[in-house]
Amino acid sequence: MSTHDVTPPSRVWLLFNEGSRSTDDAALSRIIETIDDLGWTLVGRIRFPDEDLPPQAELEAQSVDTLVALGGDGTIACAAAHYDDWNGRILPLAGGTMNLVPKILHPDIDHETVLRAVAEKPRTRTLPFIACQGHASYARLIAGPVAGFVHVRENVRSADLRRAWRALRFAWRLTWRRSIRIRNAEGRYRAVFAKPMSDTGMEIDAIRSRGWGTSVRMAWAWLRGLFTDLRLPVERTDEELVLLSDHPIRALFDGEERLLDSPAHFSVETTHITFFTTEAP
């Protein structure tokens with residue numbers, strides 16, 4: 001993806017998600033102080049998802065040129081989808097657990113480092129994303145029964161061990177009793193991972209369950225939030241990604257759970273809205 005030199009932010013709206021893993025009052029205060037120090041005008045702020053995203057018309061009426069989005073990958077994805085036809089720019093800041101989207105855009109995801117780099121040398125780019133049935137993944141799609149472990153991880157974070165145990169039992173049943181198929185590929189799979197690599201292509205990894213050992217390792221990696229470090233037997237497919245199942249297909253789009261109808265056709269598209277990036281041109 002090529003980058004383009006643009007004018008720096010001037011009038012910004014701050015979107016933040018207090019429920020994200022690494023967003024707190026101290027971080028929020030430092031970001032606001034840095035915005036003020038850079039001479040940008042903070043037009044408004046929104047606490048997402050407790051408050052609705054402001055309409056595009058409201059941003060335009062107040063001459064907002066940049067949305068600063070502080071939150072996890074799901075928060076950033078929601079903002080990108082909501083404002084895809086807007087002529088402004090989105091400046092994502094890492095505020096979640098994995099922060100995969102900010103890591104695509106910024107070599108260093110420290111908030112102040114990103115803000116000052118954007119002010120000094122503003123550049124933007126579009127992002128490819130995987131689309132399916134009205135949902136989008138900008139960083140990583142996880143489909144299949146293993147996606148049910150998301151409930152376990154969220155309950156463990158909230159220290160609700162009783163709910164975590166129930167969610168673990170549910171996810172375990174899904175992992176063992178259900179599977180998905182890939183069109184034009186043999187076998188049944190417990191998990192399919194996909195990430196957009198260009199305007200038209202995606203990288204696809206598919207994992208079959210190979211007994212108790214594999215399932216335990218998947219569960220442990222999921223609970224720790226380290227699926228990107230999971231090392232298991234992987235089968236790759238370069239075919240068009242179409243998933244099939246006798247049941248609704250459970251999928252995580254950048255951490256947000258969705259149920260998809262079968263067959264589920266996945267394609268790669270490109271955003272209209274642009275994102276500030278601090279990567280080298």
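This is a predicted model: local features need pLDDT of at least 70, side-chain atom pairs count only at pLDDT 80 or more; totals for chains, interfaces and linings use all residues.
Figure 1. The secondary structure comes to eight helices and 19 strands. Take the contacts with a separation of 6 or more: 73% of them involve residues 24 or more positions apart.

**Figure 2. The largest nonpolar core and a second one.** This view shows the largest nonpolar core, which has 28 residues. Leu15, Leu67, Ile90 and Tyr138 have the most contacts inside it. Two or more residues each come from strand E2 (11–16), strand E4 (66–71), helix H3 (73–82), helix H4 (100–105) and strand E7 (128–132). H3 supplies the largest share, four residues. A second core is separate and has 20 residues. Ile182, Tyr189, Ala251 and Leu260 are among its members. In soluble globular proteins, nonpolar side chains tend to be buried together.

**Figure 3. Contacts of Leu15.** Neighbours within four places in sequence are left aside here. Leu15 and Leu67 are both named among the residues with the most contacts inside the largest core.

**Figure 4. Helix H3 and its cover.** Seven of the 10 residues of H3 are buried, so this helix is largely enclosed by the rest of the structure. The buried residues are Asp73, Gly74, Thr75, Ile76, Ala77, Ala79 and Ala80. Their cover includes the strands E2, E4, E5 and E16. Helix H4 and strand E19 (274–276) also contribute to it.

Figure 5. H1 takes in residues 25–37. At 1.5 Å a residue, its 13 residues should span 18 Å, and the end C-alpha atoms are 18 Å apart, which agrees. Ala27, Leu28, Ile31, Thr34 and Ile35 are the buried residues of H1. They cover an arc of only 125° around the axis, so they lie on the same side of the helix. Asp25, Arg30, Glu33, Asp36 and Asp37 are exposed, on the face turned away from the buried side. The cover over the buried residues of H1 includes E2, E4, E5 and helix H5 (111–120). Gly39 follows H1 and has a positive phi, near 85°.

**Figure 6. Trp86 in its loop.** Trp86 sits in the loop between H3 and strand E5 (89–94). This residue is buried, with a relative accessible area of 4%. Not counting residues up to four places away in sequence, Trp86 touches Gln56, Leu59, Glu60, Val64, Asp65, Thr66, Leu67 and Ile273. Ile273 is 187 residues from Trp86 along the chain, yet their C-alpha atoms are separated by 6.5 Å.

**Figure 7. Arg123, buried without a salt bridge.** Arg123 belongs to strand E6 (residues 123–125). Arg123 is buried but has no salt bridge. The nearest side chain of opposite charge is Asp5, 4.8 Å away.

**Figure 8. Two cis peptide bonds.** The bond from Phe48 to Pro49 is cis, with omega near 5°. Pro49 lies in the loop between strand E3 (41–47) and helix H2 (56–61). Another cis peptide bond joins Ser262 and Pro263, where omega is about 0°. Pro263 lies in the loop between strand E16 (256–260) and strand E17 (264–265).

Figure 9. Ser63 is not a glycine, but its phi is positive, about 55°. Ser63 is found in the loop between H2 and E4. The residue is partly exposed, with a relative accessible area of 46%. Gln133, also not a glycine, has a positive phi of about 50°. Gln133 lies in the loop between E7 and strand E8 (135–137). Gln133 is partly exposed, at a relative accessible area of 38%.

Key. Residues are numbered from 1 along each chain as its sequence is written. Side-chain values use heavy atoms; hydrogens and water are left out. A nonpolar core is a set of buried Ala, Val, Leu, Ile, Met, Phe, Trp, Tyr and Cys residues joined through side-chain atoms within 4.5 Å. Buried means under 20% relative accessible area, exposed over 50%, partly exposed in between (1.4 Å probe, protein chains only). Contact means heavy atoms within 4.5 Å. The expected span of a helix is 1.5 Å times one less than its number of residues. The arc is that of the directions from the helix axis to the C-beta atoms. Lys and Arg count as positive and Asp and Glu as negative; His and the chain ends are not counted. A salt bridge is a side-chain nitrogen of Lys or Arg within 4 Å of a carboxyl oxygen of Asp or Glu.
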